[in-house]
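Thanks for making the time today. I would like to walk you through one structure, starting from the overall picture and ending with the parts that call for caution.

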Amino acid sequence: MKNALKFYHVFVAFAALVGIVPLRVNADLFDHDSGWVINDPQIAAVASQKQTTGFVYPQEGTSFFSFAVLPIRSSAGDPPVTIGMYQTGAFHLDGHGLRLTGWVQTENRNGLWDTGEAVLSIYDADDALLAWASSGVLTSENLEWQAFAVELDAIYGAAYWRVDLYGTVFDGYYVNTFYDDVQLVALPVPGAALLGLLGLGGSGGLLRWRRRMTAMAA
Ligand SMILES: [Ca+2]
Ligand SMILES: [Ca+2]
């Protein structure tokens, strides 16, 4: 037990050295320096959002991203419409995989959901797409936040990453899709290797560490 504790402390110190750092953050920083590019006026950081099935409130902090600030379809019979926001960056790409996490909420009226999708991409210096991964179609129960995660392995030649959050309207006029506490972290490849070497179950320690970091980014 004492040894396990010692190994854990060694791991925590090592993790701090290699840097398990949340790179980009949640809707609460939207008005400051979140880095999100939002070209659709239907999307904004809000403290609450009224919809047919009730009010949406933040999963974390005091705000979240609503895709339903304004209607985007002029007729409920129109084809589905997808809107989105994105950001790019180059933090901690060297030798690290990336993990995108967050919370999504969508509205279901009469069995017809609006939906979300989160996409993580990696590009080289010539803007060529090297790799990408998608959450797939995201939905939730009404007024309940659903966690999602997307991972990409480290890739040679990576110059920058891009994160896209999409929402699609299938029901009514508004895209009733919402996101909160979206984070991108570098996966600690050297730390994971160290854990394997020590024969420790690493997931618990990693989880605790990430939770601590999540709390600090609130
Ligand atoms: Ca928030
Ligand atoms: Ca809708």
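The secondary structure consists of three helices and 15 strands. The chain has 218 residues, of which 32% count as buried.

Let me turn to the strand pairing, taking strand 7, residues 81–89, as our guide. Strand 7 pairs with strand 2, residues 37–38, in the antiparallel sense over two bridges, and here Val37 has Tyr86 as its bridge partner in strand 7. Strand 7 also runs antiparallel to strand 14, residues 160–169, with nine bridges joining the two; within that pairing, Thr82 has Thr168 of strand 14 as its bridge partner.

Which residues have the most contacts inside the largest nonpolar core? This core has 34 residues, and the ones with the most contacts inside it are Leu98, Leu100, Leu120, Leu165, Phe178 and Tyr179. At least two residues of the core come from each of strands 6, 8, 11, 13, 14 and 15, and strand 15 gives the largest share, with six residues. In soluble globular proteins, nonpolar side chains tend to be buried together. To take one residue from that list, Phe178 is in contact, beyond its neighbours within four places in sequence, with several residues, among them Val56, Phe64, Phe65 and Val104.

For a contrast, consider Thr62, which sits in the loop between strand 5 and strand 6. Is Thr62 buried or exposed? Thr62 counts as exposed, because it has 12 C-beta neighbours inside 10 Å. Although Thr62 and Ala47 are 15 residues apart in sequence, their C-alpha atoms are 5.9 Å apart in space.

Finally, the caution I promised. Over residues 7–19 the pLDDT stays under 50, and the model has 19 contacts beyond four places in sequence for that stretch. The pLDDT also stays under 50 over residues 199–218, for which the model has 20 such contacts. Where pLDDT is low, the predicted coordinates should not be read in detail.

How values were computed. Residues are numbered from 1 along each chain as its sequence is written. Chains are lettered from A and ligands numbered from 1 in the order in which they are written. This is a predicted model: local features need pLDDT of at least 70, side-chain atom pairs count only at pLDDT 80 or more; totals for chains, interfaces and linings use all residues. Helices (H or I, at least four residues) and strands (E, at least two) are DSSP runs, numbered from the N terminus. A residue is buried if 20 or more other C-beta atoms lie within 10 Å of its own, exposed if 12 or fewer, and partly exposed in between; C-beta atoms are placed from the backbone. Two strands pair if DSSP finds at least two bridges between them. A nonpolar core is a set of buried Ala, Val, Leu, Ile, Met, Phe, Trp, Tyr and Cys residues joined through C-beta atoms within 7 Å. Two residues are in contact if their C-beta atoms, placed from the backbone, lie within 7 Å. pLDDT is the predictor's confidence in each residue, from 0 to 100.
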